[in-house]
Amino acid sequence: MRQEPVIAIKSLNHYYGKGSLKRQILFDINLEIYPGEIVIMTGPSGSGKTTLLSLIGGLRSVQEGSLKFLGVELFGSSQTQLVQIRRNIGYIFQAHNLLGFLSARQNVQMAVELNDKVSQNDAIAKAETMLTAVGLKNRVNYYPDNLSGGQKQRVAIARALVNNPPLVLADEPTAALDKQSGRDVVEIMQRLAKEQGTSILLVTHDNRILDIADRIVEMEDGLLARDSQSAVISYDAGAWSEKP
Ligand code: ADP
Ligand code: MG
């Protein structure tokens, strides 16, 4: 039996600007992402990758077409519904976006407390478990200023994954990192995603990390090129049949 997709996008268009300045950015996007799948999106700067990610993440309203998150239609949904969607998605950005006045543990803990009705002790325990999982057991009380770029991005991963969301969106998460830190960061994401059954949509320019993907899609001038066939075949969940 084929699993329900986490994300199902059909005939999605998007525009910026109004009146004579209105410009189409996304053209007839069709994309499905399945549970546990790691999809990498590549494509030149300005091709619309971040715009698509922000629509999927409920950070922007869908203007035209259909975008379903776990079966829930985002087209026409209210701001309240979008907030609800956002709670089910982990975000990792190019800049780590950690709060400088909070320790690594507090940054992750806050994400737990915003989401769950858990006791403070449980939130602390969850945060520390997650930081251990990303290899920062000895850095839980460090502030972002005292962490390297790679370590900060690992805290951001811990924060994105601590609530075990069905989907993580990562926008060029290795762009500011050196080669080895970048590699470490995506390998940690890959391992945790597979352990938790999380789907990941990761935008990158970094050709060196393409091998962590189950599937690679390419954006060009607002059009999503056909999925890479080989990666579709290599996705070995066994729970769903290949696309026609
Ligand atoms: P990418 O992430 O692939 O670099 P973006 O989605 O950021 O592409 O941008 C796609 C196009 O939309 C670019 O031409 C960019 O200049 C334009 N754009 C992005 N954000 C906005 C915005 N908020 N308002 C108007 N134009 C925008
Ligand atoms: Mg971008």
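This is a predicted model: local features need pLDDT of at least 70, side-chain atom pairs count only at pLDDT 80 or more; totals for chains, interfaces and linings use all residues.
Residues are numbered from 1 along each chain as its sequence is written, chains are lettered from A and ligands numbered from 1 in the order in which they are written, and side-chain values use heavy atoms, with hydrogens and water left out.

Now to helix α3, residues 104-115. Helices (H or I, at least four residues) and strands (E, at least two) are DSSP runs, numbered from the N terminus. The 12 residues of α3 should span 16 Å at 1.5 Å a residue, the expected span being 1.5 Å times one less than the number of residues. The end C-alpha atoms of α3 sit 18 Å apart, which agrees. Buried residues (under 20% relative accessible area; exposed is over 50%, partly exposed in between; 1.4 Å probe, protein chains only) in α3 are Ala 104, Arg 105, Asn 107, Val 108, Gln 109, Ala 111 and Val 112. They pack against α4 (120-133) and α5 (149-161), with contact taken as heavy atoms within 4.5 Å.

Of its 19 lining residues, the closest to the centre are Ile 89, Tyr 91, Ala 111, Leu 114 and Arg 159. On a 1 Å grid over the protein atoms alone, a pocket is an open set of points where a 1.4 Å probe fits, with protein on both sides within 12 Å along at least five of seven lines, and lining residues have an atom within 4 Å of a point. At least two lining residues come from each of α2 (79-86), β6 (89-92), α3 and α5, and α3 gives the most, with five. By type, the lining splits into 11 nonpolar, five polar and three charged residues; Ala, Val, Leu, Ile, Met, Phe, Trp, Tyr, Cys and Pro count as nonpolar, Asp, Glu, Lys and Arg as charged, and the others, Gly among them, as polar.

Back to charge pairs: the whole structure holds seven salt bridges. One of them joins Glu 128 and Arg 105 at 3.8 Å, N to O. Glu 128 belongs to helix α4 and Arg 105 to helix α3, so this pair ties together parts 23 residues apart in sequence. Arg 105 is buried at 17% relative accessible area, while Glu 128 is partly exposed at 32%.

Helix α6 (residues 179-196) has a pair of its own, with Arg 191 and Glu 195 meeting at 3.6 Å, N to O. These two are four residues apart, about one helical turn. Arg 191 is partly exposed at 37%, and Glu 195 is exposed at 56%. Lys 194 and Asp 214 also form a salt bridge, at 2.9 Å, N to O. Lys 194 lies in α6 and Asp 214 in the loop between β8 (199-203) and β9 (215-220), so the link bridges 20 residues of sequence. Lys 194 is partly exposed at 40%, whereas Asp 214 is buried at 10%.

Technical notes: A salt bridge is a side-chain nitrogen of Lys or Arg within 4 Å of a carboxyl oxygen of Asp or Glu.
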